[in-house]
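Hi there,

Here is the structure I promised to pass on. Have a look at it first, and then read my notes below.

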Amino acid sequence: MIFKKIFLQTIDHNNSAGKMEVVIEQGVLKGFQNKTLLSNKPYISFLGIPYAKAPVNDLRFKAPVKHPGWSGVLNAISERDKCMQYAFRTNHIIGSEDCLYLNVLVPQVQNESNGKLAVMIFIHGGGFNHGGWSADKYSPDYLLDENVIVVAMNYRLNVLGFLNLDIDECPGNMGLKDQLLAIKWVKSNIAAFGGDANNITIFGVSSGSATVHYQTMSPQSTGFFQKAIMQSGCAFNPRSFNEDHRASAYKLANNLGCLSSDPKEILKYLKNVSVIDLVKETKFRDETDYLEYKFVPSLESDVVSNPFLPAHPKTLAISTIPIPVIIGLTDMEGIIALLEDRLNEFSDDDHITHEISKLFKNRYNTEALSKIKDFYFKKSNIGSETIKLESICHLHSDFLFCNDFYDAFDCFLKQNVTPVYKYEFKFDGELNAAKNLVFATRPVLRHAIKGACHADDMYYLFRSEVSGVVPKPNSPEHEMCKMMSKMWTNFAKTGDPNSPDLSFKWINASSSDLKYLSIDGDRTRMIQGMINNNRFRFWKELSESNKCCICSVVGRNHNNLNNSVGKMEVVIKQGVLKGLRNKTLLSNKPYVSFLGIPYAKAPVNDLRFKAPVKHPGWSGVLNAISERDKCMQYAFMTNQIIGSEDCLYLNVLVPQVQKESNGKFAVMIFIHGGAFNYNGWSINRYSPDYLLDENVIVVAMNYRLNALGFLNLDIDECPGNMGLKDQLLAIKWVKSNIAAFGGDANNITIFGVSSGSASVHYHTISPQSTGLFQKAIMQSGCAFNQWALNKNHRASALKLANNLGCLSSDPKKIDETDFLDYKFVPSIESDVVSNPFLPAHPKTLAISTIPIPVIIGLTDMEGIVALSEDKVSQFSDDDHITDEISKLFKNRNIDSETIKLESICHLHSDFFLCNDFYDAFHCFLKQNVTPVYKYEFKFDGELNAAKNMIFATRPVLRHAIKGACHADEMYYLFRGDLPGLPKPNTPEHKMCIMMSKMWTNFAKTGDPNSPDLSFKWINANSSDLKYLSIDGDRTLVVEI
């Protein structure tokens, strides 16, 4: 069943029953009206929305699978079970394996100025082992009062969420992947609730904060949110990462009776163990046992498909895409270690020595452990109960949270691109629920130990039964709730936590100015320096080797523009790249080219026909100064097989000029055409001089073609669309690495011509590509074109199998009719394939496309490509023209060579391109959200290389047939060896300037216009189908 995505809020504010219905991709949801507790503001809650299939039976331990939807109306009015877990306080196993549900809470107020509400996605904490969202514990009343949408999800925990056997069937990090799928769900569906899919903030506390950190650094999460808030937790914390996940997995299997060391045998065994026994077996006695035997995030194997954590967190943090961040701690995090039974373990000097040794096992030598003990437990002070408790608190604060927090904070700072707001929460009030719980039976100590416990700040953002009280109007607690929710929602809306109604200004930190906000009610103020500066200096001196060294290396500027030899070095996650300086041919502007950068492993041997695997990197310096081979293909013009299977490389070309006002270049990713069967990028054919002259970064990649790129056997080992997935991996590479070249990872435009344009269209509709780019340009091709989709890929696969060897030993010329019968191009992927790029027909996927600004157009005489001499002979007389096609020639003088050629041209234009183009154009228009700029290119000049080639031996016809051939506009964007070089001030030269100006204006701002153009290109809409006719000095907007 196909559900049309609704981008407008379908809310009936006058519904007396208080219920609301919203239509999303999965189906219809009915919510329920509530009111916030303090302000009595109305909001709608949609509870228990399934975002993934139940991870049970064969799906246990696997990455989550998107929920297919439902028929009828889903009553989203009650919460679902938490994920399966051990409840420490009650000593019971609670929850369900069927737990992948989320909740959306929507204020019923006037939307923001852009008509959409900012969105905040909350990720609960609980040490990756317990917890879950519920309205009783995490009711976001205070946040809803500030007019934001709040979303919260449950995700798998403990062994069910983080067992890692290094195989696709149990890859590890399932809980993080659950979160990511929920975030993608929000990105895809939140517009239906009135939310802004391009203004999403993720936030969390404790391990929820660590998962926020993981989401900021995972290549899989790039582009799905715009801001992050991290409260008392990061991915570098010792409890947040398992350095030896295999030991944990094998220990669990052994304890449950499986003695095998074969991961697949272990998996088979554990799938048959009851979920109660699984969770019960993973209970740990104390934090030292937890550190040895834990199920938390871990590094994924190279053989795992689409790994969430393909490298160590401190490595991934190098290439994190910068986004605005709030990051902070409470002043007394370690109060959580002050439970009564815990204090006995610090009763005297010997016990203190023993406990410190346990905490820092295998991390420090005896001399260092002695220094730690002396620093925290001075002999003159340990006789005082209060001071001893504070010392125990500080020790646990630093070990469990603060030391690694400084590393994470430093990594964000060294990016030096987006603001980083640091805070310390020290308000100590009645809502400090975690502190109250620790000292529930010791009220005297509760007041003697000043400050806020780990996670106490959470209860000033959420109304919770845990705190046991509702803040009284105008009390310090009430004012604190308003202050916290105001700062957090200001940040979610604008990226800045400040507003005029706050009595202070929170200034973001920088590497040279480590200021932070001390949050303490009426005493809230800015403070210079590091949080806990003395303790910070102690650990810095003691643990210099444990710092995030790689971050400091990457922070150095390797882009030395004054390098006299013309070479440049850039550091990315894979390693160091050395490029070569060049100059554009017409304007003589300097740029640096980085050529032949591997973005994927060579798809050879066992990787042939598989989805691409990210390249692991290199040691030393990679000299990126020469192109690599095209992908394997049949070269029609030379009748030879050329290229290599080892071909997954990309190229980055960077102008050496003053950057834009935000200090970053817009980025344009070019996808070459060639009917998915031939071609590739080369500097000789596609040198982007004209685009570089306009100060954008240009990236181009090669991707697999023909059977190597598009054979589809409906299995993971040969899923189809490998070529499109190669493109996707290259786009992800750009998103992850382009900041190192000076590019803006949040301002990426993809563009292409012919099948390159169809590829662009596929990326706009594929769920896998969502959020990785911001704009698209489609030139003479779309996914709806009949040549761009194989509706019977099985027949093509079987035919190839029956003719084994034809790819390499029978390089016959394929005409379009044989091509349609025996083609390797994109196709729909099977339901059993993991992470399909095309899970449905393109016209189905286009229904729920996330709107982005688009330029889309054709040339006026696309079908000139069909006017080769041998092709024209097929239309030699009336007998060769079928009855159906003869209608096009009715009352036309087919004895006239020119008119006959024009008729053949129009026929092929419409059949191969135009008819389906109109459908694609209207799909974009019907979204009615972002601008759609339509054009027709009809300029006929000396650089029209495709037309020139068709009529190379027929110069009279070349000038008799007016207009531009398929792909001719490309040669006014790229300097190529086919058309040659335009002479200064000629119409061709001016056309190059005009085209590159419009295309790069659009890439920079989403608007192709600028004052130096003599016309204004007006975007089309459903009621006004205007387009730009591009024809040199005769360029104008045409009304239809």
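**A residue in a loop**

Asn1009 has a relative accessibility of 15%, so it counts as buried (buried means under 20% relative accessible area, exposed over 50% and partly exposed in between, with a 1.4 Å probe and protein chains only). Before going further, please note that this is a predicted model, in which local features need pLDDT of at least 70 and side-chain atom pairs count only at pLDDT 80 or more, while totals for chains, interfaces and linings use all residues. Residues are numbered from 1 along each chain as its sequence is written, and side-chain values use heavy atoms, with hydrogens and water left out.

Asn1009 is found in the loop between α33 (987-1005) and β33 (1027-1030); helices (H or I, at least four residues) and strands (E, at least two) are DSSP runs, numbered from the N terminus. Leaving aside residues up to four places away in sequence, Asn1009 touches Tyr933, Asn1001, Phe1015, Lys1016 and Trp1017, where contact means heavy atoms within 4.5 Å. From C-alpha to C-alpha, Asn1009 and Met998 are 6.3 Å apart in space, and they are 11 residues apart in sequence.

**Two packed helices**

Two packed helices are described by the angle between their axes and the distance between the axes. Helix α14 (residues 385-415) packs against helix α18 (residues 533-542) at an angle of about 75°, with the axes 11 Å apart. Axes here are lines fitted to C-alpha atoms, for helices over the stretch in contact, and angles run from 0 to 180 degrees between N-to-C directions. That makes α14 roughly perpendicular to α18 (65 to 115 degrees; under 35 is roughly parallel, over 145 roughly antiparallel, and the rest oblique).

On the α14 side the contact is made by His394, Ser397, Asp398, Cys402, Asn403 and Tyr406, and on the α18 side by Arg535, Phe536 and Trp539.

**Aromatic rings**

The structure holds 44 aromatic pairs. Rings of Phe, Tyr and Trp (its six-membered ring) pair if their centres lie within 6.5 Å; planes under 30 degrees apart count as stacked, over 60 as edge-to-face and the rest as tilted.

Tyr376 lies in helix α13 (residues 366-376) and Trp539 in helix α18, so the pair ties together parts that are 163 residues apart in sequence. Tyr376 is buried, at 6% relative accessible area, and Trp539 is buried too, at 5%. Both belong to an aromatic cluster formed by Phe360, Phe375, Tyr376, Phe399, Phe538 and Trp539.

How do the rings of Tyr421 and Phe491 meet? Their centres are 6.2 Å apart and their planes are at 85°, so this pair is edge-to-face. The pair links distant parts of the chain, with Tyr421 in strand β15 (residues 420-425) and Phe491 in helix α17 (residues 476-494), 70 residues apart. Tyr421 is buried, with a relative accessible area of 6%, and Phe491 is buried at 0%.

**Elsewhere in the chain**

Helix α23 (residues 755-765) is mostly covered, with 11 of its 11 residues buried. Ser736 lies in helix α22 (residues 722-737) and counts as buried at 14% relative accessibility. Not counting residues up to four places away in sequence, Ser736 touches Pro219, Thr222, Ser319 and Ile321.

Happy browsing!
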